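Here is a short report on one protein model. Please look at the sequence and the 3D view before reading on.

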Amino acid sequence: MRVDCIIEHARILTQDEERPASDRLAVLHGRVVALGDDCAGLVAARTVDAGGAVVVPGFNDAHAHSVWFGHTLLETDLSACAGLDELYERIARAAERGRSEPEADPDAWIVASGYNQMDTGGVYPDAAALDRAAGGRPVWIKHTSGHSCIVSGRGMALLGIDGTERFDGGLVVLDDAGRPTGLLEESAMELVQSRLLPASQDRIVAALAAAGAVYAAEGLTSVTDAGIGGGWIGHSAQEFAAYQTALERGLLRTRMQPMLVGDVLRDVPLGAETFRGLPGGLRSGLGDERLQLGPVKMFLDGSILGNTARMSEGYCNHPGNHGYFQGDVEEMRGRALAAARAGWALAMHAVGDEAVGLAIGILRELEAEGVRPPLPHRIEHGGVVTDAQLAELARLGVPIVAQPYFLRAYGDGFRGYIGDARAAASFRLASLVRAGLPVAGSSDRPVAPGRPLAVMQAAVERLTDSGWVYGADERLTAAEALRAYTVGSAEATGWGGRKGRLAPGYLADLAVLSDDPTRVDPGRIGRIEVLATAVGGAPTHDAAGLFGEAAA
């Protein structure tokens, strides 16, 4: 029998309980067809000598933002600023670069990403100082959480922001004198987005190509983009079309599962009735193994970092503030139920425990009606989840897709905002394992760094930047963390049994590593090198030259 590829002299961690390890693997038509001694007698068009390297199933990020992340790679970077002075310096350099470009527009907006107020001592940039740094050009700074942004004084003037604006599920923040500070929260970000968006199709395709190059270099072979097409998180109503264009041009290096945001669904007439969805009846699951329409993303609340996640108890820094829902509760419930009845799987963004409670109530109603989703329902983030809520989710069989690197990047801030008791019940991982729910590998990039091996290390250590252990009982073993980024993500995204393992019949998506993440010291997991990445047995990244000319 002739096969497309055989990888030999490898230490393969298959994630298959029946055959957990092997030294050889054969690929035909993009799928694994044989392992170990079963490869004997097969003739390969290409043989890859792994040289004793470790081979694992390709990593699968079940919650990232690929369009958004790709845009950050094309925008001014404000991540890890050592104070406001450095932030203003980066804005000034961006303004200078713009002035030096041929035919530069002196009124063009400076767009910056990656800002986190924890880097600047909890103090937000001053609108007038931004004007000075930018030389009068308008500035739009996107908060790393995605739940707020800052606009300079010139920007507010161009947008007509005067502080009288009112939003359901959002806020124009005012100073003590009642003047707008430039900080826009949640749905209030529409004030700037309505002017500067949509992004062009070429820009979105370029962003996807930039993100894909990073993904491939990190061992990622599948990514779920958690919100495109509209709302405050979208860059264009045509984002899915940009995905199709990127696929046609060979620019998608990973399998992609974009989620449409709930804002794009409409009440569509159908005879005497209506359904909640899109004309033509499109719904979750449309597509194939390269590009698939995922669940619909429903935002129920905000973020802990922005103190906008809806909590039953107030925030420690502002006890009277419980955060807020993203809209009228009954209206959100009705839209979610209608979408699910029309064939959409639900991915409900719920960070505070009250928002998690709302999501569980929606899931109970669907269960009572017998509505079954085409892909798994899921809760995104699960910032604070009570034991009773976790038990009910286990009964319902609905996973929480949590992001362990949040604890490294923002854990000290979270601790200050919600206190130690709630921190112990937030971004739970080991509890999901104990409850029998799949744990999915997830980063929420660019909200936090997304290199899978670094996220695995964060799941094992749960260390904050200061070295505090954030919820010691929720730590995963290294083997559980690897399983999360492979089997767990496949199950949470509806691809269990087809990807996430290296076993006959599964997609031949794999990463070749310089060391075994289940055996090295936990503090070294994030430093393991990705030597090569392959999707369907075809290389998308080959730093070590293992695949030779085929990598081109």
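The sections below cover the basis of the model, its aromatic pairs, its cores, a sheet and its salt bridges.

## Basis

This is a predicted model: local features need pLDDT of at least 70, side-chain atom pairs count only at pLDDT 80 or more, and totals for chains, interfaces and linings use all residues. Residues are numbered from 1 along each chain as its sequence is written, and side-chain values use heavy atoms, with hydrogens and water left out.

## Aromatic rings

The structure holds ten aromatic pairs. Rings of Phe, Tyr and Trp (its six-membered ring) pair if their centres lie within 6.5 Å; planes under 30 degrees apart count as stacked, over 60 as edge-to-face and the rest as tilted. One of the pairs is F406 with F427: the ring centres are 5.6 Å apart and the planes stand at 80°, so the pair is edge-to-face. F406 lies in helix α11 (residues 405-423), and F427 in the loop between α11 and α12 (430-434), so the pair ties together parts that are 21 residues apart in sequence. Helices (H or I, at least four residues) and strands (E, at least two) are DSSP runs, numbered from the N terminus.

Both F406 and F427 are buried. Buried means under 20% relative accessible area, exposed over 50%, and partly exposed in between (1.4 Å probe, protein chains only). Ring pairs also link F406, Y410, F414 and F427 into a cluster.

The charged end of R445 sits over the ring of F69, 4.5 Å from its centre. R498 lies over the face of W495, at 3.9 Å from the ring centre.

## Nonpolar cores

A nonpolar core is a set of buried Ala, Val, Leu, Ile, Met, Phe, Trp, Tyr and Cys residues joined through side-chain atoms within 4.5 Å. The largest one has 118 residues, and F59, L184, I304, L346 and L513 touch the most other members. A second, separate core of 21 residues includes L25, V48, A532 and F547.

## A six-stranded sheet

Six strands form an open sheet with mixed pairing, in the order β3-β2-β7-β23-β24-β25. Its edge strands, β3 (21-22) and β25 (538-542), each pair on one side only. Two strands pair if DSSP finds at least two bridges between them. Strands β2 (residues 11-13) and β7 (residues 54-57) run parallel and are joined by two bridges. I12 stands opposite V55 in β7.

## Salt bridges

A salt bridge is a side-chain nitrogen of Lys or Arg within 4 Å of a carboxyl oxygen of Asp or Glu. The count comes to 28 salt bridges. R90 bridges to E86, with the closest N and O atoms 2.5 Å apart. R90 and E86 are four residues apart in helix α2 (residues 84-100), so about one helical turn separates them. R90 counts as buried at 13% relative accessibility, while E86 is partly exposed at 24%.

E392 forms a salt bridge with R364, the closest N and O atoms being 2.9 Å apart. This pair links distant parts of the chain: E392 is in helix α10 (residues 387-396) and R364 in helix α9 (residues 353-369), 28 residues apart. R378 and E380 meet at 2.7 Å, N to O. R378 is buried at 0% relative accessibility, and E380 is buried at 0%. Salt bridges that share partners join R31, R255, E289 and D509 into one network.

Note on methods
A charge sits over a ring if NZ of Lys or CZ of Arg is within 6 Å of the ring centre and within 35 degrees of the ring normal.
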